[in-house]
Amino acid sequence: MINRTKWLSVPGLVWLGIFFFIPLLLVTVLSFMERGTYGQVVYSFTLQNYVRFFDPLYVSILFDTLVVSVLTTLLSLMIGYPLAYYIARMDKKWQHTWLLAVMIPFWINFLVRSYAWVVILRTQGVVNTFLQSLGLITEPLPLLYNFGAVMLGMVYTLLPFMVLPIYVSLEQMDRRKLEAAYDLGATPLKAFWHVTLPLTRPGIVTGSILVFVSSIGMFVVPDVMGGAKSALIGNVIQNQFLSARDWPFGSALSIILMLLCIVLIFLYYRVIRVQEREGGVE
Amino acid sequence: MKKIKALLAGMLVFTLALGAAGCSSSEEEKVLNIYSWADNFNPDVIKDFEQKYQVKVNYDVFSSNEEMLAKLQAGASAYDLIQPSDYMVSTMIQLGLLEELDKGKIPNLGNMVSTFKAPAFDPENKYSIIYTWGVTGIAYNKKYVKDEIDSWSDLWNPAYKDRVIMLNDPREVLGMSLIKNGYSNSTKDKAELEKAFNDLKTVVPGVIAFDTDNIKQKMIAEEAWIGTVWSGDAAFINEQNPDVEYVVPKEGATIWADTLAIPKGAKHKAIAEEFINYLMDPEVSVKNYEWVGYSNPNEKAYPLHSEEYRANKMIFLDQKDLERTEWLMDVGEVLPEYDRYWTELKSGR
Amino acid sequence: MGGSRRSLFSVYSWVVMIFLYLPIVILMLYSFNDSRINAVWTGFTWKWYLSLFENRQVMDALSNSLVIAITSSIIATALGTLAALALHRFSDKWKAVMNGLIYLPIIIPEVLMGLSLLVLFSQIGFPLGKLTMIAAHVTFGISFVVVIVSARLSGMGDELQEAAQDLGATPWQTFRHITLPVIAPGIVASLLLTFTMSLDDFIISFFVAGPNSTTLPLYIYGLVKRGVSPEVNALSTLMIAVTILLLLISEIFRRKGMAKESNSQLPI
């Protein structure tokens with residue numbers, strides 16, 4: 001019967017095959033084509049689109065993007081873990097209410113929410129007016145259109161991707177193991193470090209990957225919160241489709257980004273696995 | 001769990017009810033599928049048209065020309081009427097994506113101001129009709145900007161550092177710098193383009209934001225003091241914040257228009273033409289344009305408009321200002337070059 | 001010992017909640033703003049709520065959004081959960097390969113996914129509309145479901161399932177009584193996440209939308225050129241209000257139900 005269970009994956013895989021992998025193949029073909037004068041796709045083979053990526057400009061933008069994505073992931077983890085922990089530890093009947101409460105803001109359109117942040121942070125915004133009326137500052141602080149604002153927007157947008165998976169694995173954790181640790185005289189911090197954290201590792205891994213890969217392709221946040229002044233790789237890709245009308249180059253960039261993500265996730269898993277083994281020896 | 005189940009069940013019932021209500025309309029009706037910018041028609045005008053001609057109008061929206069093009073290019077067109085901007089019309093003509101208009105069916109075309117009858121992007125007016133138009137000039141807040149503003153180089157004035165705003169569009173911004181340096185806004189000459197780029201590099205560190213969509217909010221809320229703004233937007237900003245003035249710089253400026261056009265293979269071409277003709281009826285157009293708030297190119301309608309609308313210099317620009325303006329043209333194979341410069345400007349390197 | 005730590009967590013969580021809801025409160029306030037554009041506060045008004053109900057486009061967009069989000073989240077969660085259950089059974093090596101494949105739709109830039117789907121639909125000549133929207137939303141949802149449910153499964157040992165089978169339980173019984181309760185929170189989280197993502201998706205929806213399938217995000221992005229109308233804020237406010245109301249109602253019913261249960265149990 002265990003073998004039969006494998007067949008359950010068929011509907012999902014067939015679905016992805018039709019609606020994802022076949023279209024992906026079409027697009028991969030596109031990345032080896034040429035751009036016509038008016039932005040149409042010319043069907044003649046070229047590697048030029050891949051060569052163009054190695055322009056120092058694009059490589060350095062990719063590097064900036066990686067920095068932003070790693071920071072976003074770490075911040076989301078730091079903010080999201082305690083929240084997920086709190087929710088998973090509360091009375092069962094409140095858990096779903098809290099989970100929903102965390103998700104509801106995200107049912108409101110992303111643009112509308114981002115504009116609200118602009119209202120809060122701009123020079124005559126809520127925060128600056130408040131601080132000025134208290135007499136704490138005389139000149140408005142530049143809270144928007146800088147790196148900090150982009151980070152705030154990123155973390156705000158992607159937090160649910162971290163909270164949900166961590167909640168899911170925390171909720172499942174066998175609390176007897178924690179009690180055992182306390183019985184053996186572990187301090188709360190030690191118990192957390194040696195018991196809770198390793199046991200919730202699947203959730204952390206899942207959450208981190210979801211946040212990381214989502215942030216790497218992000219382009220609206222840098223536009224709205226960062227004043228469109230710092231191009232990330234997502235913006236560059238978007239521009240190929242929606243302003244330069246260079247579909248082949250856009251496809252090539254996307255495929256490079258995808259390959260990079262796969263390699264990074266693979267490495268991340270390797271590190272986690274090594275840690276797990278070492279944890280086991282301890 | 002239960003709570004969520006109940007919530008989902010409630011929503012499911014709600015949606016099914018909505019879906020059922022939506023399906024009740026009969027399929028026999030005449031249909032017009034419009035694909036355009038949101039809020040680009042007075043809803044009452046559409047309603048009147050539906051009643052008068054017994055047509056059901058479906059109105060779908062896009063948020064940039066390139067999005068619309070991408071969709072039509074991929075071959076998925078069920079639309080009968082689209083609203084590409086000027087340069088996009090020339091691109092779509094080149095790509096063979098537009099249907100020729102049957103002018104016999106649009107007698108009201110005669111009402112159009114003669115200056116807009118043969119624009120550079122569609123010289124014979126074969127495929128498109130100008131619907132709204134405007135000029136990208138300088139808007140500035142006179143509370144903070146005390147000097148007289150008449151040139152693009154005023155944006156480079158160090159006094160306005162960190163208070164300058166620019167449109168988030170490579171063609172508009174590079175085009176502005178090209179005009180400032182005395183070149184065409186659609187140059188294909190790489191040396192000219194490079195010069196315009198190097199010039200821009202000196203102003204970009206003082207730009208507070210690149211923004212097309214919310215430039216109005218940023219000017220009204222006085223986050224930005226001076227910047228490149230469309231005339232129609234300037235009219236809107238001025239209405240909300242009278243300190244903001246608008247000027248067409250002496251070097252010249254880019255003029256733009258949104259048009260009415262019919263995509264290749266449209267299924268309801270005749271109805272689309274009927275609708276275009278209806279929109280150009282003087283009385284209908286007065287009702288429509290005063291709601292939309294942009295400039296009406298309809299000559300016969302001009303005397304019917306309210307005094308207030310006609311007197312607005314940001315809606316009806318001076319003829320001598322218009323003489324200095326230039327349309328953006330498709331730059332073809334040089335476009336990726338524009339995009340690379342644009343990316344470099346924004347990468348802050 | 002636990003008390004102070006607990007309250008520390010509680011304070012922290014409420015601070016995060018304030019962070020999440022601060023912009024929501026602001027956008028709700030601005031739904032009462034007299035100005036047509038949300039730049040500055042010009043005065044109090046109800047008019048956006050009144051004009052909202054006359055705005056056919058907004059109401060159509062809302063109903064399209066709900067239909068698509070509910071249908072696609074249910075389909076994606078079902079397919080994804082099944083796939084996760086199956087993946088759990090693969091050997092480590094295959095699991096790694098399959099996981100890689102499953103992650104791809106999450107990694108791929110949205111614009112590319114949207115475009116590729118558009119190319120697919122136009123190649124096979126399938127008319128764009130609500131069906132293509134649902135298909136696209138299911139496609140980007142499945143992977144998220146697999147990932148979340150898998151995380152849950154990997155924390156569960158095989159012992160229970162094996163024990164159940166040794167005791168003669170049918171596969172269905174094992175699933176119903178052992179596996180399902182374990183993965184249920186994962187399913188709930190998946191439903192929530194896919195519903196949320198579908199409701200807010202713009203890029204992919206844009207490419208696969210056809211006549212009569214404009215969703216709320218498509219409508220709102222279309223508005224940006226002229227300035228997003230406060231009607232959208234009014235609508236957002238109502239959506240939140242209705243959700244909270246539904247939650248309260250279900251909570252009351254739950255309380256009543258529990259009260260009944262405990263009453264009936266008392267005599268025993």
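Guide: In this predicted model, 52% of the 349 residues of chain B count as buried. The buried residues are B:D86, B:Y87, B:M88, B:V89, B:S90, B:T91, B:M92 and B:I93. Their packing partners in chain B are two kinds of element: helix 3 (65–73) on the one hand, and strand 4 (128–141), strand 9 (253–261) and strand 10 (325–327) on the other. Just after helix 4 of chain B, B:G96 adopts a positive phi of about 65°.

The wider setting is as follows. Chain B contains 13 helices and 10 strands. Its radius of gyration is 22 Å, close to the 20 Å that the globule rule gives for 349 residues, so chain B is as compact as a globular protein of that length. Along the principal axes, the C-alpha atoms of chain B occupy a box of roughly 65 × 65 × 45 Å. Among contacts in chain B with a separation of 6 or more, 76% join residues 24 or more positions apart.

Chain B is divided into domain 1 (2–132 + 258–315) and domain 2 (134–255 + 321–347). The contact between them draws 14 residues from domain 1 of chain B and 12 residues from domain 2 of chain B. On the domain 1 side, the touching residues comprise 7 nonpolar, 6 polar and 1 charged. The C-alpha centres of the two domains of chain B are 28 Å apart.

Terms used:
Residues numbered from 1 in each chain as written. Chains lettered and ligands numbered in written order. Predicted model: local features only at pLDDT ≥ 70, side-chain atom pairs only at ≥ 80, totals over all residues. Domains from an automatic or database assignment. Contact = placed C-beta atoms within 7 Å. Nonpolar A, V, L, I, M, F, W, Y, C, P; charged D, E, K, R; others polar. Helix = DSSP H or I, 4+ residues; strand = E, 2+ residues; numbered from the N terminus. Rg over C-alpha atoms; globule rule 2.2 N^0.38 Å. Buried ≥ 20, exposed ≤ 12 C-beta atoms within 10 Å, placed from the backbone.
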